[in-house]
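Subject: Structure handover

Hello,

Please find the structure below, as discussed. My notes come after it.

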Amino acid sequence: MVRGAHKDFGQLNNRRKNVQALWVRVATSLLSAGEEVCVVEGFLGTHGGYGSDLNLTIQIAMGVALIFGAYLARAERFVTHGICQTAVLLLNLGVICFVMWPSFHSRVLPRLPTRFGNRFYAVATIHGVFGVLAEILGLYIVLVAGTKILPETWRFKRWKLWMRIELALWWIVLLMGVVTYWVWYGG
């Protein structure tokens with residue numbers, strides 16, 4: 001029994017080495033062709049790494065949390081609504097600062113002027129621009145709704161309209177993020 005287990009382990013180890021060697025050959029050939037590729041696969045079954053997969057999963061969860069927060073507002077549970085939406089907004093700000101911006105800054109920004117026509121760069125740039133707009137609008141809404149920092153003349157009166165615009169914009173950005181993920185890692 002021990003010999004059989006040892007033999008199975010040896011075969012498994014050889015398979016692992018063969019798969020690693022295959023990935024190195026694929027990555028080398030793609031990199032020599034001028035393409036960027038992630039050799040480590042994440043848990044979603046694409047060429048995205050674990051960080052990319054986790055980011056996408058967190059973003060989708062935050063989108064669902066925002067819809068839940070909208071239902072809290074409809075139920076007139078405004079304090080809970082504000083806490084939910086603000087928590088999502090601040091979590092997203094952290095993800096933007098520590099995950100998305102560094103990736104955009106290193107992989108897209110240096111090549112953007114000459115390669116905007118390439119979908120890899122165009123989709124990421126459009127997603128980034130709309131994402132920044134959504135985050136800024138969200139921060140503005142939190143400042144208006146939750147603080148007295150801004151003067152009265154800078155405050156909006158039509159709460160529902162602006163919050164609905166923000167939710168729609170957020171979902172557009174989320175869908176663009178899914179497209180960006182697919183272009184970068186799945187397609």
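The notes run from the whole chain down to single residues.

This is a predicted model, in which local features need pLDDT of at least 70 and side-chain atom pairs count only at pLDDT 80 or more, while totals for chains, interfaces and linings use all residues. Residues are numbered from 1 along each chain as its sequence is written, and side-chain values use heavy atoms, with hydrogens and water left out.

Overall

The chain has 6 helices and 0 strands, in the order α-α-α-α-α-α along the sequence. Helices (H or I, at least four residues) and strands (E, at least two) are DSSP runs, numbered from the N terminus. Of its 187 residues, 28% are buried. Buried means under 20% relative accessible area, exposed over 50%, and partly exposed in between, with a 1.4 Å probe and protein chains only. The chain exposes about 12,500 Å², and 70% of that comes from carbon and sulfur atoms. Accessible areas come from the Shrake-Rupley method with a 1.4 Å probe; for residues, only the protein chains shown count as cover. Among contacts (heavy atoms within 4.5 Å) between residues at least 6 apart in sequence, 50% join residues at least 24 apart.

Core

The largest nonpolar core has 12 residues: Leu-56, Phe-104, Val-108, Leu-112, Phe-120, Tyr-121, Val-123, Ala-124, Tyr-181, Val-183, Trp-184 and Tyr-185. Two or more residues each come from α5 (119–146) and α6 (159–186). Such a core is a set of buried Ala, Val, Leu, Ile, Met, Phe, Trp, Tyr and Cys residues joined through side-chain atoms within 4.5 Å. Leaving aside residues up to four places away in sequence, Leu-56 touches Leu-44, Val-178 and Tyr-181.

Helix α2

Asn-55 is in helix α2. Ala-70 has a relative accessible area of 26%, so it is partly exposed. Not counting residues up to four places away in sequence, Ala-70 touches His-81, Gln-85 and Leu-167. The C-alpha atoms of Ala-70 and Cys-84 are 9.3 Å apart, with the two residues 14 apart along the chain.

Surface

Phe-116, Ile-126, Val-129, Phe-130 and Leu-133 form a nonpolar surface patch with about 430 Å² of accessible area together. Patches are made of residues with over 30% relative accessible area and no salt bridge; like charges are joined within 9 Å, and nonpolar side chains (Val, Leu, Ile, Met, Phe, Trp, Tyr) within 5 Å. Phe-116 sits in the loop between α4 (112–115) and α5, and is partly exposed because its relative accessibility is 42%.

Salt bridge and cysteines

The structure holds 1 salt bridge, defined as a side-chain nitrogen of Lys or Arg within 4 Å of a carboxyl oxygen of Asp or Glu. Lys-157 forms a salt bridge with Glu-152, with the closest N and O atoms 3.1 Å apart. Both Lys-157 and Glu-152 are exposed.

The disulfide count is 0, where a disulfide is a pair of cysteine sulfur atoms within 2.5 Å. Cys-84 is buried, because its relative accessibility is 15%. Cys-97 has a relative accessible area of 41% and so is partly exposed.

Regards
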